[in-house]
Amino acid sequence: HIVLAQAKLESGTFTSKIFKQNNNMFGMRMPRQRPTTTISEQNGFAMYRDWKDCLYDYALYQAYAMQTVNNETEYFTRLEEKYCTDTGYVASVKDLIKREHLKRLFDE
């Protein structure tokens, strides 16, 4: 639910120029210190063959940057520390999760 909210927020619900041109739903930059599925860089952002490769790349990022995270609280803390530059980003993600009931989509 968190990653879905991030994708929706970052891509303007999959309508942004970066998403449409680069298949990049997270606003990812070209990584320099981890494996990646990017094929090139365009307009300062990583470019992917398709949206699935972008999602796989975000999973690679998480394996690299979130490996010590054990719960949702720690995940949000790490997002604030390592992922975003906007101080209101985590609050925006949490608001989107609540507003669109995204957590419910993943309940068993």
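**Close-up 1. A charge over a ring: R29 and F45.** A charge sits over a ring if NZ of Lys or CZ of Arg is within 6 Å of the ring centre and within 35 degrees of the ring normal. R29 does this with F45, lying over its face at 4.0 Å from the ring centre. K94 lies over the face of F76, at 4.8 Å from the ring centre. This is a predicted model, where local features need pLDDT of at least 70 and side-chain atom pairs count only at pLDDT 80 or more, while totals for chains, interfaces and linings use all residues. Residues are numbered from 1 along each chain as its sequence is written, and side-chain values use heavy atoms, leaving out hydrogens and water.

**Close-up 2. The Y58 and Y83 pair.** These two form an edge-to-face aromatic pair, 5.9 Å centre to centre with 85° between the planes (Phe, Tyr and Trp rings, the six-membered one for Trp, pair with centres within 6.5 Å; edge-to-face means planes over 60 degrees apart). Y58 lies in helix α3 and Y83 in helix α4, so the pair ties together parts 25 residues apart in sequence (helices are DSSP runs of H or I, at least four residues, numbered from the N terminus). Both Y58 and Y83 are buried (under 20% relative accessible area, with exposed being over 50%; 1.4 Å probe, protein chains only).

**Close-up 3. Two sides of helix α5.** Along residues 89-99, the buried ones are Y89, V90, V93, L96 and I97. Seen down the axis of α5, they fall within an arc of 125° (taken from the directions from the axis to the C-beta atoms), so they line one face of the helix. A91 and K98 are exposed on the other side.

Conventions
Phe/Tyr/Trp six-rings, centres within 6.5 Å; stacked < 30°, edge-to-face > 60°.
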